[in-house]
Amino acid sequence: EIDRGGVGAAGAAFAESVRNAERGAEVESLRAEIERLQGEANGKIDAANERIRTLRRDRDEARGEVSRLQEERRRLQLETEELASETRQLCEQKEALLEIVEDLHTSCVGAGLQDLHTSCV
């Protein structure tokens, strides 16, 4: 008679060993999948961080350009105001000169020099 208890125990141990090996292979497969996903996630995070750095750099450059343009606008406004003031002064001077010419003409006419109009004025 064969001792089935020994073979049965060995068979059960073998089956348990096979199940453990299968679980181990599954665990390794899951670990590999987790590592792959972590790698993908880290790559996406790195790309997003680089994009954020680029956007911040672009934002800082745009802010600098805005500041430069605002300063240029202020300078041009001052220059425009100065030119407008100068234009007003020139117009006043022109009006004063026209009055002088008119007074000279009136004086020439009053002195009887109307025939010499061009030489008097």
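## The pair R53 and E50

R53 and E50 form a salt bridge, and their closest N and O atoms are 3.0 Å apart. The structure is a predicted model, and the distance of 3.0 Å is computed from it.

Both residues belong to helix α1, where R53 and E50 are three residues apart and therefore separated by about one helical turn. R53 has a relative accessibility of 46%, so R53 counts as partly exposed. E50 has a relative accessible area of 38% and is also partly exposed.

## The network around R36

E33, R36 and E40 are linked in a network of salt bridges. The side chain of R36 meets that of E33 with an N to O distance of 2.5 Å. The side chain of R36 also meets that of E40, here with an N to O distance of 2.3 Å.

Helix α1, which covers residues 4-110, contains both R36 and E33. R36 and E33 are three residues apart, about one turn of the helix. R36 and E40 lie in helix α1 as well, four residues apart, which is again about one turn.

## Exposure of the network residues

E33 is partly exposed at 35%, and E40 is partly exposed at 36% relative accessibility.

## Salt bridges in the whole structure

The structure holds 10 salt bridges. Among them are the bridge between R53 and E50, the bridge between R36 and E33, and the bridge between R36 and E40.

Conventions: Residues are numbered from 1 along each chain as its sequence is written. This is a predicted model: local features need pLDDT of at least 70, side-chain atom pairs count only at pLDDT 80 or more; totals for chains, interfaces and linings use all residues. Side-chain values use heavy atoms; hydrogens and water are left out. A salt bridge is a side-chain nitrogen of Lys or Arg within 4 Å of a carboxyl oxygen of Asp or Glu. Helices (H or I, at least four residues) and strands (E, at least two) are DSSP runs, numbered from the N terminus. Buried means under 20% relative accessible area, exposed over 50%, partly exposed in between (1.4 Å probe, protein chains only).
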